[in-house]
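Trainee: Could we walk through a model together, feature by feature? I would like to learn how to read each one.

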Amino acid sequence: MDHQDERDAGLEQNDEDPNQKKKREQQELEALSVERVFENQEVPSWKKQLTFRAFVVSLVLSILFTFIVMKLNLTTGIIPSLNVSAGLLGFFFVKTWTKFLEKSGYLKQPFTRQENTVIQTCVVAASGIAFSGGFGSYLFGMSEQIAKQSPDTSDFKNPSLGWIIGFLFVVSFLGLFSVVPLRKTMIIDFKLTYPSGTATAHLINSFHTPEGAKLAKKKVRELGKFFSFSFLWGFFQWFYTAGDHCGFAQFPTLGLKAYQNKFFFDFSATYVGVGMICPYIVNISTLLGGILSWGLMWPLIENRKGDWFSAELEPSSMYGLQGYKVFIAIAMILGDGLYNFFKVLSRTLSGLYSHLREKDVGGTRLPVADNPSIEKEEPSFDEMRRTRLFLKDQIPASFAVGGYIAIASISTTTLPHIFPQFKWYYILVMYAFAPTLAFCNAYGCGLTDWSLVTTYGKLAIFIIGEWAGSSHGGVLAGLAACGVMMNIVSTASDLTQDFKTGYLTLASPRSMFVSQVIGTAMGCVIAPSVFWLFVNAFKDLGQPTSQYPAPNAVVYRNMAILGVQGFSSLPKYCLLLCYIFFGAAILINLIKDCLGKKGRFIPIPMAMAIPFYIGPYFAIDMCVGSLILFIWEKINKAKADAFGPAVASGLICGEGIWTLPASILALAGVKPPICMKFLSRADNGRVDNLLSGA
C-alpha cells in the first residue's frame with residue numbers, strides 16, 4: 001500500500017503544470033539568492049567605495065604580503081593564492097577601525113562589502129608586483145651574482161633601486177588598459193567563471209552577513225593565533241643561526257646521508273602553511289620530483305664524474321652536475337608550459353568560437369547535442385541586479401585605448417635607456433601583440449583558472465633573445481622582454497579576475513580599476529624596496545647554499561643563454577636527457593588529460609621540476625602540511641574546510657613577516673648568539689679532540 005501511494009505521488013509530481021513548476025523553481029532560486037540578503041542595503045557610489053581607510057589598510061597589508069611573496073620568490077618560487085588572506089585581514093582591520101569609531105561616535109560611513117573588495121583588489125595588485133616584477137626570476141637573473149653561476153658571465157646588469165622602480169612604472173600599467181574595453185564581453189556576454197575571483201567574492205559576501213561576520217571573527221582569531229606562533233617560532237630559530245649551516249633548518253631529521261642529498265625537514269612554518277593551501281597532488285608531485293632527481297638521478301650522474309664532465313670543475317659550474325640540474329629542470333618546465341599553453345589556447349579559441357556563434361543565433365547558453373534549439377533563460381534577480389550595476393559606471397573605450405598608447409609611447413622611449421640592448425623596435429613589436437596575448441591569457445584564466453604568465457615570459461625570452469643575438473646583448477634583451485611580457489599579461493588577468501569579484505559583490509568597475517591602479521603603483525615602490533632590503537641584509541642572496549638561493553633566477557638566465565647560444569654550452573648527454581624529460585612532461589600531461597577524473601592522481605611535471613635544482617627539503621615541509629590537513633579533514637571535515645585556509649595563512653604570514661625584523665637586525669650588524677650544528681660521530685670526535693688539544 002505504501003509503495004502504491006509513493007507511485008501515485010510520483011505521478012502527481014510528473015503531471016505538475018509546467019508554469020507551476022517554473023514558478024516553484026523560481027521561488028527556490030530566490031530563497032538561495034545572495035542579493036536578496038543585501039536588497040535593503042544601499043550600494044555606495046564608486047567614489048564612496050574608494051575610502052581613505054581602505055587604502056591605509058591596503059598599504060599596511062601590501063607591505064605584509066610583499067614580504068611573504070618575496071620570501072617565497074627567493075626560496076622556491078612556489079606562491080599560493082593569498083586572496084583569502086587579503087580579504088579576511090582587510091575585513092578584520094576595517095571592522096576593528098569602524099567599531100572603534102562607532103563607539104566614539106565618529107563613524108560617518110559603514111564598512112561595506114564593496115569597500116572590502118577594493119582592499120582585496122589593491123593588496124593583491126600590490127603584492128602581485130613582487131611576483132611579476134621578477135625579483136626571484138628574470139630581474140635578479142640579470143645580476144652579476146647570478147651571471148657568475150652561468151656559462152655567460154659578461155652580460156649582466158646589477159640591481160639598483162632607481163632603475164627597478166622606473167622599469168616597473170613604465171611596464172606594469174599597460175596590461176590594465178589592454179583589457180578594460182573587453183570587461184563586458186568577458187563578464188556579461190561570455191559569463192566566464194574566473195574560479196578564484198568567484199571564490200573570493202563568495203567569501204567577501206559571506207563576511208557581510210550576520211552569520212558570516214561571526215564566522216569571519218573566528219577565522220581571524222585562528223589566523224592571529226597561528227600568526228603569533230609562526231612569528232615567535234621564526235624569532236626562536238634565529239637565536240641558533242650564528243654561522244653558516246647553523247640552526248633548526250639544518251636538522252638532519254632523516255639522517256646525515258639523506259641530509260647531504262637535501263632530504264630533511266627544515267621546520268619552516270611557511271612551507272607547512274603552503275602545503276595546507278596547495279592541492280595534495282602539487283605537494284606529492286614536488287616530493288616525487290625530489291626523489292627522482294636527488295634520490296636517484298644526481299647520485300648516478302655524480303658517479304660519471306670524469307667521464308661525462310671534468311672532475312676538476314667547481315660544484316657550481318654549469319659544465320658539471322649543476323648544468324644537468326638546471327637544464328633538465330628547464331626542459332620539464334618548458335614541456336609542461338608549452339603543453340598547457342596550447343591546451344589553454346585551444347580551449348580559449350574553441351570557447352571563443354562557441355560564444356561568438358551563440359551570439360549570432362541570439363542565445364545565452366552553449367548549444368548541446370540533445371538540445372540544438374537554444375532557449376533564452378530568464379535572468380535571476382541576482383543576475384539582473386549585478387548586470388545593471390556593473391554596466392552603470394562605464395569606463396570609456398577611448399580612455400583605455402588612449403591610456404595604452406600613451407604609456408606604450410613612454411615605455412618605448414624609456415626602456416632602451418634602462419637596457420641599451422633592448423632596442424625600441426623590439427618593444428614596439430611586443431606592444432603590438434601584447435593586447436592579443438593579454439586577452440588570450442585573461443580569457444583562458446576565466447575558463448580554467450590557469451594563468452600562463454611565466455610561459456608567455458619564457459616565450460619572450462627565446463624570441464627576443466634569438467632576434468638580438470649574443471653579440472648584441474641577447475641575454476639581457478631576452479630577460480627584459482620577459483619582464484615586459486609578464487607584467488602586461490599578469491596585470492591583465494588580475495584585473496579581469498577583479499572585475500568578476502566586483503560583479504559578484506556589486507563593486508563598481510571604476511572602483512576596481514582605480515583600486516588596481518593604486519595597488520599597482522604601491523607595488524612598484526614597495527616590492528623594489530623590500531627586495532633592496534633583502535639584497536643588503538643577506539649578502540649571499542642567490543648562492544646555491546644560501547638561505548635564499550633564488551633558483552628561478554638561475555633558471556631564467558640559463559634559458560636566456562640557451563635562446564641566444566643554442567645547445568653548445570650543455571655538458572655531455574645533457575641534451576639527450578633534456579629531450580627525454582621534455583617529451584616525458586608532454587606525455588604525462590597527455591595521459592593526465594586522457595584519464596579524466598582519474599588523471600588527478602597523475603603527478604604534475606611543472607611541480608616535479610621545482611626540486612630538481614634546489615632539493616626536496618621544502619617538499620617534505622609541504623607534505624607535512626598536507627598530512628596535517630588530511631588528518632584534520634578525517635577528524636572534522638567541516639571545521640577543516642572552514643578554518644584550514646586561515647590556519648595556513650597564519651603560518652605563512654607569521655614567519656614571512658619575521659623576515660622584516662631579521663633583515664633589520666642583519667643590517668644593524670646584530671648577530672645571533674648561538675650556532676647549533678649537527679655532526680657525525682666521527683666529526684664530533686675530531687672536534688672534541690681539537691678543542692681538548694687547544
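Trainee: Where is the place of glutamine 516, and is glutamine 516 buried or exposed?

Mentor: Glutamine 516 sits in helix α23; helices here are DSSP runs of H or I with at least four residues, strands are E runs of at least two, and both are numbered from the N terminus. Buried means under 20% relative accessible area, exposed over 50%, and partly exposed in between, using a 1.4 Å probe and protein chains only. At 1% relative accessibility, glutamine 516 counts as buried. Bear in mind that this is a predicted model, where local features need pLDDT of at least 70, side-chain atom pairs count only at pLDDT 80 or more, and totals for chains, interfaces and linings use all residues. Residues are numbered from 1 along each chain as its sequence is written, and side-chain values use heavy atoms, with hydrogens and water left out.

Trainee: Which residues is glutamine 516 in contact with?

Mentor: Contact means heavy atoms within 4.5 Å. Leaving aside neighbours within four places in sequence, the partners of glutamine 516 are Thr121, Ala125, Leu176, Thr491, Asp494, Leu495 and Asp498.

Trainee: How do I read the crossing of α22 and α23?

Mentor: Start with the axes: they are lines fitted to C-alpha atoms, for helices over the stretch in contact, and angles run from 0 to 180 degrees between N-to-C directions. Helix α22 (residues 474–505) and helix α23 (residues 509–537) have axes that come within 9 Å and cross at roughly 145 degrees. On the α22 side the contact is made by Thr491, Asp494, Leu495, Asp498, Phe499 and Gly502, and on the α23 side by Pro509, Met512, Phe513 and Gln516. For the classes, Ala, Val, Leu, Ile, Met, Phe, Trp, Tyr, Cys and Pro count as nonpolar, Asp, Glu, Lys and Arg as charged, and the others, Gly among them, as polar. This contact has 5 nonpolar, 3 polar and 2 charged residues.

Trainee: At what angle do α9 and α23 pack?

Mentor: Angles under 35 degrees count as roughly parallel, over 145 as roughly antiparallel, 65 to 115 as roughly perpendicular and the rest as oblique. Helix α9 (residues 161–171) packs against α23 at about 150 degrees, with the axes 9 Å apart, which makes α9 roughly antiparallel to α23. Leu161, Ile164, Ile165, Leu168 and Phe169 of α9 meet Ala521, Cys524, Val525, Pro528, Ser529, Phe531 and Trp532 of α23. By class, that contact has 11 nonpolar, 1 polar and no charged residues.

Trainee: How many residues has the largest nonpolar core?

Mentor: A nonpolar core is a set of buried Ala, Val, Leu, Ile, Met, Phe, Trp, Tyr and Cys residues joined through side-chain atoms within 4.5 Å. The largest one has 188 residues, and Phe167, Leu415, Phe422 and Tyr431 have the most contacts inside it. Helix α22 gives the largest share of this core, 17 residues. Beyond four places in sequence, tyrosine 431 is in contact with residues including Val170, Tyr404, Leu415 and Ile488.

Trainee: What is the phi of leucine 506?

Mentor: Most residues other than glycine have a negative phi. Leucine 506 has a positive phi of about 65 degrees although it is not a glycine. Leucine 506 lies in the loop between α22 and α23 and is buried, with a relative accessible area of 3%. Tyrosine 573 also has a positive phi, near 65 degrees; its place is the loop between α24 (551–565) and α25 (574–594). Tyrosine 573 is partly exposed, at 42% relative accessible area.
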